[in-house]
Amino acid sequence: MKMKQSKFFYVTLTAIVLFGLGLLIQFTMPQIHGLGVAGVCLLMLYIMLTAVGCSRVGWDYFIVSMNELPAQQNGSSKRIALTFDDGPTFNSANILDILKQHNVPATFFLVGQRVEQQPELARRMLAEGHSIGNHTQAHGHLINFKETKGMMDEITACNQAIEQHMGIQTTLFRAPHGVLTLHLSKAIHRLGMRSIGWNLRSFDTSAKDADLLLHRITSKLQNRAIILLHDDCDITAQILPKIIEHARAQGYEFDVIR
């Protein structure tokens, strides 16, 4: 599988060329002043772009992700995808009950350790027609500081847990905390996984007001939207029926990521 060049490649190449030109001018025309300051500013800009690019999945900075549903050939229907991270958790059953009641498919990005702890709940997701993705084995707070091998171990362990307890293999992957580092991007590519992002982030993990959360989501619905939610949030289960009802009233159909 050939990897598309990311923005990081082009930004780094541009920075190297500009630094090289600056050094060439410095040595050949020493009478020109201010090149040192310009070089420092360029370096700071490069570091800032790279730091922000890690936390902006939609930038495709280190790796190209799927940030919206693919367009249909006929283009006749409006489609959105509900995606849930961090399960299976205590609240996943509530989410599944609501989805089943409304006959809505979704995509769940599972944490390997939680699959091992609640395999029956994980299997229920699969049995009820939902799509399954990898969300690393432990989803630790310091995972973003791991090097490529450590990232590969996290992804591989989660894949093994999914295969052992659910009997399937998945190539779908979503980065913990929405942070895609260079090491994680290399791990995704080497393992043949597909990075799945989103273009509608709910921020349900920090939401306190159900009405505001509902408005934040419904006001930004658009065709081919991939909506980021979490099935361990009580507030998400609280507003999920209203999200479904609003979307259907607007003519949207629900799709899964495959």
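Predicted model: local features only at pLDDT ≥ 70, side-chain atom pairs only at ≥ 80, totals over all residues.
Ser 92 is buried, as its relative accessible area is 0%; buried here means under 20% relative accessible area, exposed means over 50%, and partly exposed lies in between, with a 1.4 Å probe and protein chains only. Residues are numbered from 1 along each chain as its sequence is written, and side-chain values use heavy atoms, with hydrogens and water left out.

To stay with Ser 92, this residue belongs to helix α3, residues 92-101. Helices (H or I, at least four residues) and strands (E, at least two) are DSSP runs, numbered from the N terminus. What does the side chain of Ser 92 reach? It reaches the backbone nitrogen of Thr 89, at 2.8 Å. Leaving aside residues up to four places away in sequence, Ser 92 touches Gly 87, Leu 121, Met 125 and Asp 231, where contact means heavy atoms within 4.5 Å.

I turn now to the aromatic rings. A pair of aromatic rings is described by the distance of the centres and the angle of the planes. Rings of Phe, Tyr and Trp (its six-membered ring) pair if their centres lie within 6.5 Å; planes under 30 degrees apart count as stacked, over 60 as edge-to-face, and the rest as tilted. By this rule there are two aromatic pairs. In one, the ring centres of Tyr 61 and Phe 62 are 5.1 Å apart and the planes stand at 85°, so the pair is edge-to-face. Tyr 61 and Phe 62 are both buried. In the other, the centres of Phe 84 and Phe 108 lie 5.2 Å apart with the planes at 20°, so this pair is stacked. That pair links distant parts of the chain, with Phe 84 in strand β1 (residues 78-87) and Phe 108 in strand β2 (residues 107-110), 24 residues apart. Phe 84 and Phe 108 are both buried.

A charge also sits over a ring. Lys 78 lies over the face of Tyr 252, 4.3 Å from the ring centre; the rule requires NZ of Lys or CZ of Arg within 6 Å of the ring centre and within 35 degrees of the ring normal.

Next, the salt bridges. Side chains of opposite charge can pair when their charged atoms come close. How many salt bridges does the structure hold? The structure holds seven, a salt bridge being a side-chain nitrogen of Lys or Arg within 4 Å of a carboxyl oxygen of Asp or Glu.

Arg 79 forms one of them with Asp 255, with the closest N and O atoms 3.0 Å apart. Because Arg 79 lies in strand β1 and Asp 255 in strand β8 (residues 252-255), the pair ties together parts that are 176 residues apart in sequence. Arg 79 is buried at 6% relative accessibility, whereas Asp 255 is partly exposed at 24%.

Glu 154 and Lys 146 also meet in a salt bridge, at 3.0 Å from N to O. Here Glu 154 is buried at 9% and Lys 146 is partly exposed at 32%.

Finally, Lys 149 and Asp 153 form a salt bridge at 3.0 Å, N to O. Both lie in helix α6 (residues 148-166), four residues apart, about one turn of the helix. Lys 149 is exposed at 58%, and Asp 153 is partly exposed at 40%. Elsewhere, salt bridges that share partners join Asp 97, Arg 124 and Glu 128 into one network.

Terms used
Polar contact = N/O pair within 3.5 Å; in protein donor to acceptor, adjacent residues only side chain to side chain.
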